[in-house]
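Colleague: Hi! Could you walk me through this two-chain model, with the cut-offs you used?

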Amino acid sequence: MKKTVAEYRIEHLQVLDPQGELVSDLPDFARDPEQLLSMYRLMTLTRTFDTKAINLQRTGKLGTYASSLGHEAAHVGIGSAMRDEDIFAPMYREYGAQLWRGVKMSEVLLYWGGDERGNDFSGPRHDFPWCVPIATQCLHAAGAAMACKLRGEKRCAVTVIGDGGTSEGAFYEALNLAGAQRLPMMFVVVNNKWAISVPLHLQTAAETLAQKGIAAGIRCVQVDGNDVLAVRAASEEALARARAGEGATLMEAVTYRLSDHTTADDATRYRPKEEVEEAWEFEPLLRIRKYLQSQGMWDEQREEDLLRECANKVDAAVEEYLNTARMPVSAMFDHMYDEMPESLQEQREIAIRYEGSGGGH
Amino acid sequence: MPRITLIEGVTMALAHELEKDDRVVVLGEDVGVNGGVFRATAGLQQRFGAERVMDTPLAESMIAGMSVGMAAQGMRPVPEIQFMGFIYPAVDQMISHAGRLRHRTRGRLQCPMVLRAPYGGGIHAPEHHSESTEAMFAHMPGVRVVIPSSPTRAYGLLLASIRCPDPVVFLEPKRIYRLAKQEVEDNGEALPLDVCYILREGTDATIVTWGAMTHETMKAANELDQKGISCEVIDLATISPIDFDTILESVEKTGRLIIVHEAPNNCGVGAEVAATVAEKGIYDLKAPIRRVTGYDTVMPLFRLEMEYLPSVRRIADAVVETLED
């Protein structure tokens, strides 16, 4: 005899369609115009910042930079659903979430400008810094959630990973732990279809990335990652459940990487132009702007004012970044240990003696 | 004869072996259509197909582990780890399996794989993209660690590594990927592993180095030459196992030893060179051995990275101090 012992399904949430039409019930937060406008303003600021950061890199004023173009809804949706006391463990391009949480644009620039002080950001001081080794941050988020659980705190951990990152062992290890321990946390897979040059179908044969949580026994949902209302609504629900002791959620936000992987990449080598052009029709700012317009909350004048305001804010951040002098060579030795060992003190003196001697070439 | 860069030497060697040996498979993240983030595998998938030059899922443990599996079953995988900073999930497979397979099966299975990775600082890269952790692999019994420092040696040593019946970690100093060109003939002639290369003969002091630091070291040696100080510069090339004969012979002649590496000082490969020269050649030494290395700090982000890397002046000063001892 054979019988079905388990069955699963993955639900997809969309609140606004690409034309900005409401296709689901309006989430509670979206009844507050101020909330909607804050989200749209930050998405626009993030995009303005992104364009400027790429220009800075192109003109030699910034190092390699990972663009967030096309991810504004996913990132702002996550950030706006979190509380300050929650713990964020990002990968490296979630500026929309981080700016919402209080990280400064000048700090983002410092990090990509080769200065550790960017990681010492003014957003929630308990948040984790950017995380370049793929998927390792998922385990930190699980550990943070474990700490919250053990101390009986009503706080959640949120981590973000890309479609490529879901191939890493650390991702599955974290999912498994979150399931086994009913951890108060949310995993967000921002599926932008490309891991540098590797398309999703070479990464996995699964129909969705949301279903990667099924085997871990956690709740799995998929949302339209270009729809900021859907991302925030699903995130709020996941975090409410986590706070109520109902365990972790894996949310897949389906979007598209409209940029190169980083400024060091050239996506025209491997990605068809037509695919990118088509993806622009679904880009996230467009639909929320259309919705705001349809509700009488937005018009061309306000858009123009907003763009100017964003440009001014970004310019101020860039100026602050460019005016931040390099740390002295001794900074290399600071914060290595709680107390500096003697051997390191000797090396510190050598480094100071040779400061500016060129190194390298 | 084509004039090529170090990275083109890598590409030429990969193409040569793909052409000549059906067992060779190149695999890794973005090595296929994209040709590698540094272009080391540019054009290879177009030429040899997606089954010989394979884009894998993003998982370094998987890349190393599947290579162990392929190698044990008679293939010659040449996996690429995109940056050394992402190699650590692969470490388990290298230390627990690649380096042990021959020994623990009493020679029944072997593991002829070459794990390639760009390494080192000085290219203004983001966090985790600039470290030099070759000593970690040198500490693994059964694993060879090879580092080329020129286009000629990139070609010749990579050919030798692919043909080597043992696992090799082949670390490419990315700062000098495109620094200099040499004429290299694509003749399929490998260079020997497990030997040092003498870059410059001298009589007053021996400087042992490898990878990108060969450039600063040669500059220092040339500057010292103007002052009448004659340095012998040795490129270690195979970091493990080390060719101590060449080093000891040189120290016997010069009586002085300086070791230069980019990696942190503590337990760096320089410590192994110094310890063995102390064990086997201490009576030839006229002065204490000196090390000029990266500091025992986290590799700083790029605003300070040039302060971290040993400078020509630091190297030259160390030689002069050794001569004054």
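Here are a few questions and answers on the chains, their domains and some residues.

Modeller: First, the ground rules: this is a predicted model, in which local features need pLDDT of at least 70 and side-chain atom pairs count only at pLDDT 80 or more, while totals for chains, interfaces and linings use all residues. Residues are numbered from 1 along each chain as its sequence is written, chains are lettered from A and ligands numbered from 1 in the order in which they are written, and side-chain values use heavy atoms, with hydrogens and water left out.

Colleague: Thanks! How much area do chain B and chain A bury between them?

Modeller: The size of an interface is often given as the accessible area lost when the parts come together. Here, buried area is the accessible area (1.4 Å probe) that two parts lose on being put together, summed over both. In contact (heavy atoms within 4.5 Å) are 43 residues of chain B and 51 residues of chain A. With 58% of it on carbon and sulfur atoms, the area that chain B and chain A bury is about 4,000 Å².

Colleague: Which residue of chain B meets Arg326(A) in a salt bridge?

Modeller: A salt bridge is a side-chain nitrogen of Lys or Arg within 4 Å of a carboxyl oxygen of Asp or Glu. Between chain B and chain A the count is two salt bridges. In the one made by Arg326(A), the N to O distance is 3.2 Å and the partner is Glu307(B).

Colleague: Is Pro126(B) buried or exposed?

Modeller: Pro126(B) is in the loop between β5 (114–119) and α6 (134–138) of chain B; helices (H or I, at least four residues) and strands (E, at least two) are DSSP runs, numbered from the N terminus. Leaving out residues up to four places away in sequence, Pro126(B) touches Thr64(A) and Trp112(A). Buried means under 20% relative accessible area, exposed over 50%, partly exposed in between (1.4 Å probe, protein chains only). Because its relative accessibility is 16%, Pro126(B) counts as buried.

Colleague: How many salt bridges cross the interface of domain 1 and domain 2 of chain B?

Modeller: The domain assignment, automatic or from a database, gives chain B domain 1 (3–183) and domain 2 (197–324). These two domains of chain B bury about 2,100 Å² between them. Across their interface, the number of salt bridges that the rule finds is three.

Colleague: Which residue forms a salt bridge with Glu262(B)?

Modeller: The closest N and O atoms of this pair are 3.4 Å apart.

Colleague: Lastly, which residue caps the N-terminal end of α11(A)?

Modeller: Helix α11 (residues 300–322) of chain A has 23 residues and spans 33 Å from its first C-alpha to its last. Its buried residues include Leu306(A), Cys310(A) and Val314(A), and among the elements covering the buried residues are α1 (33–58) and α4 (105–112) of chain A. At the N-terminal end, the backbone nitrogen of Gln301(A) lies 3.2 Å from a side-chain oxygen of the capping residue, Asp299(A).

How values were computed
Expected span 1.5 Å × (residues − 1). Polar contact = N/O pair within 3.5 Å; in protein donor to acceptor, adjacent residues only side chain to side chain.
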